[in-house]
Amino acid sequence: MLQNKTYLVLFALLLVGTGRAQTLKLAAVIDSITVSHPVVKMYNQEIRSMDEAVKGAKSWMPPEFSTGLWMVPYNPSYWKKSDMGNGMGQYMLGGQQMIPNKKKQQADAAYMQTMSSVEKEKKNATLNELVNDAKQFYYEWIILEKKLNILGQNEKLLNFMIKNAEIRYRNGMEKISAYYKAKAALGNIKNMQLMYESEITEKRIRLNTLMGRKAMADLSIDTNYRINGYDDMVFDSTLFYRNRSDLKAIDRDIDLTYLKQETEKQSLRPQFGIRYEHMFGFGGLPMQYSLMGMMKLPLTNWSSKMNKANIESLKWKASALQSQKEMMVNEYSGMAYGMRNELMLKTKQLKLYETNILPALQKNFSTMQLAYEQNTEELFMLYDAWEALYMSQLEYTELLNQALRTQVSLERIIENK
């Protein structure tokens with residue numbers, strides 16, 4: 001019994017996958033982009049690369065080894081022991097190791113650990129663009145579906161008028177001029193249907209590409225939508241510092257600048273090392289060794305100029321980044337308030353269409369249609385009533401398109417995914 005149910009489930013999935021386009025809500029599209037888009041994988045790999053590099057931040061410099069002849073006379077006869085005493089010359093083995101500055105290592109590690117945080121914020125900023133691009137394509141697809149629905153309804157009305165006019169014309173009850181206008185309008189509707197269907201195919205390709213799917217894969221959308229209200233939102237610096245990933249990336253860049261300053265400061269500290277050498281004497285000369293300490297002194301004027309210049313340069317770079325961040329916040333705030341004002345206007349206009357304009361034109365057309373069917377009105381009057389209603393329906397959908405586009409632009413600015 002269980003085996004039969006399994007086969008039924010697999011068969012149903014096969015039918016869904018092959019015979020019917022997959023319907024995705026906007027949230028599912030966004031989730032798919034967040035997981036599957038190639039740029040996400042690229043950033044994740046870059047972040048992993050940086051995190052792996054941190055593991056080597058506290059490594060030591062490699063030891064150095066040397067070997068060879070030491071203070072050996074050119075005349076080989078002096079190498080051997082003679083009546084005058086032991087021979088001259090030595091064979092040497094040596095090695096040295098610089099001991100790293102622990103504070104310098106800690107500064108380097110902190111700097112490298114912060115590097116990946118910049119990439120994480122850049123990834124989020126790029127995702128914000130991709131997600132809102134997807135919203136735009138999704139909403140445009142919804143509008144195209146609505147327009148196709150309007151065209152389908154009006155195609156039926158025009159067919160009704162044309163067929164009725166043909167009957168009346170044969171009976172000598174109708175003028176032919178409005179008939180041809182209706183025929184031309186019907187052809188224009190069919191042309192617009194082809195255009196909108198082509199645009200829907202383009203939106204399907206763009207969404208599939210964003211989701212990392214095959215460009216021509218079957219896909220349908222949920223045509224439900226919502227216009228969000230941002231009337232009471234305050235678009236101040238607090239909002240943008242909290243939401244905008246590009247501003248957070250600048251903050252991380254500022255942190256990097258200060259950490260890089262610290263590494264330059266630590267580079268000015270002395271560095272110590274040790275060197276050991278062992279000598280094998282020729283001609284009875286005893287074995288000898290040397291043990292020496294080493295110290296690098298980058299504090300001198302001729303050796304510290306570059307580090308000091310870098311420290312000063314990084315200070316001004318941090319100030320420039322801070323000014324850039326403030327400039328961007330000011331720009332975002334102005335844009336957000338302007339878009340909210342535009343969205344509020346579009347919302348009021350849509351409500352006016354829904355409660356006043358479209359119902360009135362619909363009643364006007366219905367009245368004219370009834371009068372036409374009762375032979376008290378002519379076709380051109382009915383056609384004018386239809387044309388006014390039809391154009392207003394298209395104007396309403398275009399106004400809705402503008403409202404949704406403005407909403408996407410506003411959500412892109414405040415980084416509302």
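Visitor: What is a pocket, and what volume does the largest pocket have?
Guide: On a 1 Å grid over the protein atoms alone, a pocket is an open set of points with protein on both sides within 12 Å along at least five of seven lines. A volume is the space filled by probe spheres set on the points, which are joined across faces, edges and corners. This is a predicted model, where local features need pLDDT of at least 70, side-chain atom pairs count only at 80 or more, and totals for linings use all residues. For the largest pocket, the volume is about 290 Å³.

Visitor: Which residues lie closest to the centre of the largest pocket?
Guide: Residues are numbered from 1 along each chain as its sequence is written, and side-chain values use heavy atoms, without hydrogens or water. Lining residues have an atom within 4 Å of a point. There are 17 here, and the closest to the centre are Leu26, Tyr139, Asn224, Tyr225 and Arg226.

Visitor: Which element gives the largest share of the lining of the second largest pocket?
Guide: This pocket has a volume of about 250 Å³. Its lining holds 16 residues, with Pro100, Asn101, Lys104, Asp108 and Gln271 nearest the centre. Helices are DSSP runs (H or I, at least four residues), numbered from the N terminus. The largest share, 3 residues, comes from H4.

Visitor: How do H5 and H9 run, roughly parallel or roughly antiparallel?
Guide: Axes are lines fitted to C-alpha atoms over the stretch in contact (heavy atoms within 4.5 Å), with angles from 0 to 180 degrees between N-to-C directions. The two axes come within 9 Å and cross at roughly 25°. Angles under 35 degrees count as roughly parallel, over 145 as roughly antiparallel. So H5 and H9 are roughly parallel.

How values were computed:
On a 1 Å grid over the protein atoms alone, a cavity is a set of points where a 1.4 Å probe fits but cannot get out, and a pocket is an open set with protein on both sides within 12 Å along at least five of seven lines; lining residues have an atom within 4 Å of a point. Helices (H or I, at least four residues) and strands (E, at least two) are DSSP runs, numbered from the N terminus. Angles under 35 degrees count as roughly parallel, over 145 as roughly antiparallel, 65 to 115 as roughly perpendicular and the rest as oblique.
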